[in-house]
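This report describes a single protein chain. The chain as a whole is treated after the local details.

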Amino acid sequence: KLNRFVINPATYLNMQIDEHWVWTKEHKNYLSKYSQAKILVKQSLMFYTAENLKASDTKIDVLVFDVTPVNYTEITRNSIYTTKESIKFINEIIDCVKMLNQTHKKDYMIQLKHKRRNSRNHSLDYSKFIDQKVKNFEIDVIDSNQNLYDLISNSKLVIGFPFTSPVVIGQELDRPSIFYCSSKLLPIAHKGRKLSFIQSQTSLYSYIEKILVKSI
């Protein structure tokens with residue numbers, strides 16, 4: 001039996017699983033605390049076929065992956081996956097790129113790919129917010145059918161809301177890829193995770209500047 005890595009360890013307490021396939025060594029180390037089964041690191045495992053995706057040859061400056069918040073406040077209470085935190089995530093990235101463009105006289109653009117297509121369960125306020133940012137030419141939204149690996153390969157920088165899987169794929173493809181969230185709800189990341197998890201807007205700006213400007 002095979003199972004994809006998920007966060008909640010309680011799932012495994014009532015399941016008889018012989019072998020787990022996980023994406024990273026970090027996933028393996030975590031899951032090993034809760035399971036005696038064989039655990040194999042297989043890198044990214046996507047649950048779609050390549051022929052159903054569109055290839056992309058567009059060069060992307062900043063590729064952002066969000067987690068579209070849902071309407072159910074009873075589910076997201078005391079969570080970072082809220083409309084407020086999601087809007088803050090996008091706004092802080094936009095502000096950093098705007099400042100970078102002004103400071104260095106550049107024209108870097110932000111491309112956003114939603115984790116899932118919008119549905120009636122998703123936050124209407126967040127959808128309206130994104131639509132307005134598109135109308136203001138502050139971000140572009142990428143077609144959900146684009147090939148994820150091509151998009152990331154053609155990107156200079158990948159930023160994901162915690163803990164979206166495209167960041168792991170970006171690291172696998174040797175693209176500069178980080179998780180970002182400045183929410184006070186999250187504890188400061190331990191040293192091993194700080195290399196891929198940024199938790200302040202000041203640090204985010206410094207990182208974007210380092211990747212897009214100072215590495216040229």
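## Conventions

A polar contact is a pair of N or O atoms within 3.5 Å; within protein, one must be able to donate a hydrogen and the other to accept it, and residues adjacent in sequence count only if both atoms are side-chain atoms. The model is predicted: local features need pLDDT of at least 70, side-chain atom pairs count only at pLDDT 80 or more, and totals for chains, interfaces and linings use all residues. Residues are numbered from 1 along each chain as its sequence is written, and side-chain values use heavy atoms, with hydrogens and water left out.

## Surroundings of S177

The side chain of S177 has a polar atom 2.9 Å from the backbone oxygen of R175. S177 belongs to strand β7, residues 177-180; helices (H or I, at least four residues) and strands (E, at least two) are DSSP runs, numbered from the N terminus.

With a relative accessible area of 6%, S177 is buried, a term that means under 20% relative accessible area, whereas exposed means over 50% and partly exposed in between (1.4 Å probe, protein chains only). Apart from residues up to four places away in sequence, S177 touches V158, V167, G170, Q171, S196 and Y207, where contact means heavy atoms within 4.5 Å.

## Helix α5

Helix α5 comprises twelve residues, 124-135, which should span 16 Å at 1.5 Å a residue; the end C-alpha atoms are 16 Å apart, in agreement. The expected span is 1.5 Å times one less than the number of residues. Just after the helix, F137 adopts a positive phi of about 60°.

Buried residues in α5 are Y126, S127, F129, I130 and K133. They cover an arc of only 160° around the axis, which places them on the same side of α5; the arc is that of the directions from the helix axis to the C-beta atoms. These buried residues pack against α4 (83-104), β4 (110-113) and β5 (140-141). The face turned away from the buried side carries the exposed residues L124, D125, K128 and K135.

## The chain as a whole

The chain contains nine helices and eight strands, and buried residues account for 45% of its 216 residues. Of the contacts between residues at least 6 apart in sequence, 58% join residues at least 24 apart.
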